[in-house]
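Please open the model in a viewer and keep the selection panel at hand.

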Amino acid sequence: MAGGSRAPGRSVTSKVLALLGAFDPTHPQLTLTELARRSGVPLSTAHRLVAELEEWQALSRTPDGRLRVGLRLWELGQLAPARLQDLAHPWLQELFTSTGENVHLAVRDGLEVLFVDKVYGRRAVPIVSRTGARLPMHPTGVGKALLAYEPEWFVKAYLARKLERPTRHTITEAGRLSRELATVRAQGYALTYEEMTLGSCSAAAPILVDGWPVAALGTVISSRRVRELPRLVEPLLNVAAGITRACAASV
């Protein structure tokens, strides 16, 4: 239950944050009842707070009456620090122009990858990642590229968990995944074959600043074109190096 606001003594602020936190990429629109349930805020309280959030334009209504995040929050979000995206975006555009493939940038957030930027075209293969979306690390190219360079204690803790298996090709065995991560470190990039989504393969490279994986750059193609994946590695590594230099120069 998102928010956990049924606990006694929670402040109004925590309840408002729980309501806003109930929205995510898979739940961009909610009814009032769904919002109360996902946030853990009592329905009567949610009704009152939602009215205030609507008045402030933090929430808005769809034509059928469902709630969604309002433009006021989007405006505030534009004020958040976005140094990495600002530095990397021109490089993402360059990689997309040279390859014609979807390109995305991700960072680690907890045990997941958070996609923070993306450049794509109409002819590129559809992919599940979108800016603001989160996915598990081990089935994604960018996730593997990040996980391979995390501290040993983090990798061990990650592999000790029961790992999700989005497709039959997902590597979930700790020993096999550990060997895969060693290969990523040895070659400097990660490859996946239908591990996150059937029909898609990916290549990804880490953005390493002083040896620390601050982000990962990835591209995705249709599995029907899997033989073309190796040709994307060199431009991917070149652009990752360019972003690394830009990040290092900005420190």
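Begin by selecting Gly40, which follows directly after helix H2 and takes a positive phi of about 80°. Helices (H or I, at least four residues) and strands (E, at least two) are DSSP runs, numbered from the N terminus. The model is a predicted one, in which local features need pLDDT of at least 70 and side-chain atom pairs count only at pLDDT 80 or more, while totals for chains, interfaces and linings use all residues. Residues are numbered from 1 along each chain as its sequence is written, and side-chain values use heavy atoms, with hydrogens and water left out.

Next, select H2 itself. Its buried residues (under 20% relative accessible area, 1.4 Å probe, protein chains only) are Leu32, Leu35, Ala36, Arg38 and Ser39. Among the elements that cover them are helix H1 (12-21), strand E1 (29-30), H3 and strand E3 (67-69).

Axes are lines fitted to C-alpha atoms, for helices over the stretch in contact, and angles run from 0 to 180 degrees between N-to-C directions. In the contact (heavy atoms within 4.5 Å), H2 supplies Leu32, Thr33, Leu35 and Ala36, and H3 supplies Leu43, Ala46, His47 and Val50.

Move on to H5 and H9, which pack at an angle of about 160°, with their axes 10 Å apart. H5 is therefore roughly antiparallel to H9, the label for angles over 145 degrees. The contact of H5 with H9 has 13 nonpolar, 3 polar and 3 charged residues.

Finally, which residues touch the most other members of the largest nonpolar core? Within this core of 29 residues, they are Leu92, Leu105, Ile207, Leu217, Leu229, Ile243 and Cys247. A nonpolar core is a set of buried Ala, Val, Leu, Ile, Met, Phe, Trp, Tyr and Cys residues joined through side-chain atoms within 4.5 Å. H9 gives the most to this core, with 8 residues. Select Ile243 to find Ala88, Trp91, Leu92, Ile207 and Leu217 touching it, residues up to four places away in sequence not being counted. A second, separate core of 23 residues includes Leu135, Leu147, Tyr158 and Leu163.

Definitions and conventions
Buried < 20%, exposed > 50% of the residue type's maximum accessible area, 1.4 Å probe, protein only. Parallel < 35°, antiparallel > 145°, perpendicular 65-115°, else oblique. Nonpolar A, V, L, I, M, F, W, Y, C, P; charged D, E, K, R; others polar.
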